[in-house]
Amino acid sequence: MLHPAQKQFIMKKYLGLILILMMTIQFAAGQNGMPAMRPAGFTLTFHFDGGMMYHFEDIIIAEDSCVYKQNLKGSVLSKRFKLTAVQLDSLYAMLQQNQFTQISYYNKGMVYDRGGERISIGWGNNSKMFTVNDSQSNFVSPEWMSNWNRICRYVKALPAQKG
């Protein structure tokens with residue numbers, strides 16, 4: 001049996017560890033601008049523009065439904081799909097691992113005939129939003145291209161997954 005002073009010491013020690021852990025989690029989440037866990041109302045929109053080609057693709061991801069839309073030279077395909085909570089969590093974790101909110105891009109001024117990809121994420125009725133744009137006159141910084149490409153490949157594969 002522990003003496004009351006020993007119990008108090010152990011409780012203070014555990015409380016201190018819990019506080020340190022909570023602060024570490026909040027600090028890590030604050031580092032990339034994203035909460036540690038997928039927030040309620042999380043959404044993702046992906047847009048591919050073919051530039052001067054008559055082609056675009058849109059993917060809209062939400063908790064309750066998802067939509068894939070493709071226009072290829074006027075032929076429009078639209079498909080609804082649903083992701084499970086596990087798939088949404090996996091998407092969110094992949095965005096965190098690839099530091100989506102840290103990816104920098106820059107504007108080069110006037111650029112002609114350039115399509116590309118743009119992704120926006122949001123939550124809290126889109127009160128919190130982040131966008132990365134690698135299209136038209138915007139270019140993802142070279143040091144972030146591998147992260148960006150991993151994210152784009154992952155998102156483009158989502159409509160084919162079984163929910």
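Asp89 and Arg38 form a salt bridge, with 2.7 Å between the closest N and O atoms. By salt bridge I mean a side-chain nitrogen of Lys or Arg within 4 Å of a carboxyl oxygen of Asp or Glu. Asp89 lies in helix H2 and Arg38 in the loop between H1 and S1, so this pair ties together parts 51 residues apart in sequence. Helices here are DSSP runs of H or I with at least four residues, strands are runs of E with at least two, and both are numbered from the N terminus.

Before I go on, this is a predicted model: local features need pLDDT of at least 70, side-chain atom pairs count only at pLDDT 80 or more, and totals for chains, interfaces and linings use all residues. Residues are numbered from 1 along each chain as its sequence is written, and side-chain values use heavy atoms, with hydrogens and water left out.

Back to Asp89, which is partly exposed at a relative accessible area of 38%. The cut-offs are under 20% relative accessible area for buried, over 50% for exposed, and partly exposed in between, with a 1.4 Å probe and protein chains only.

Glu63 is partly exposed, with a relative accessible area of 33%.

The structure holds four salt bridges. Another of them joins Asp134 and Arg114, 3.0 Å from N to O. Asp134 sits in strand S7 (residues 128–135) and Arg114 in the loop between strand S5 (105–107) and strand S6 (116–123), 20 residues apart. Asp134 counts as buried, at 11% relative accessibility. As for Arg38, Glu63 and Asp89, salt bridges with shared partners join them into one network.

Now the helices. H2 (residues 85–97) packs with H3 (residues 145–157) at an angle of about 170°, the axes being 10 Å apart. Axes are lines fitted to C-alpha atoms, for helices over the stretch in contact, and angles run from 0 to 180 degrees between N-to-C directions. H2 and H3 are therefore roughly antiparallel, a label for angles over 145 degrees; under 35 is roughly parallel, 65 to 115 roughly perpendicular, and the rest oblique.

On the H2 side, Ser90, Leu91, Met94 and Leu95 meet Arg150, Ile151, Tyr154 and Val155 of H3, where contact means heavy atoms within 4.5 Å.
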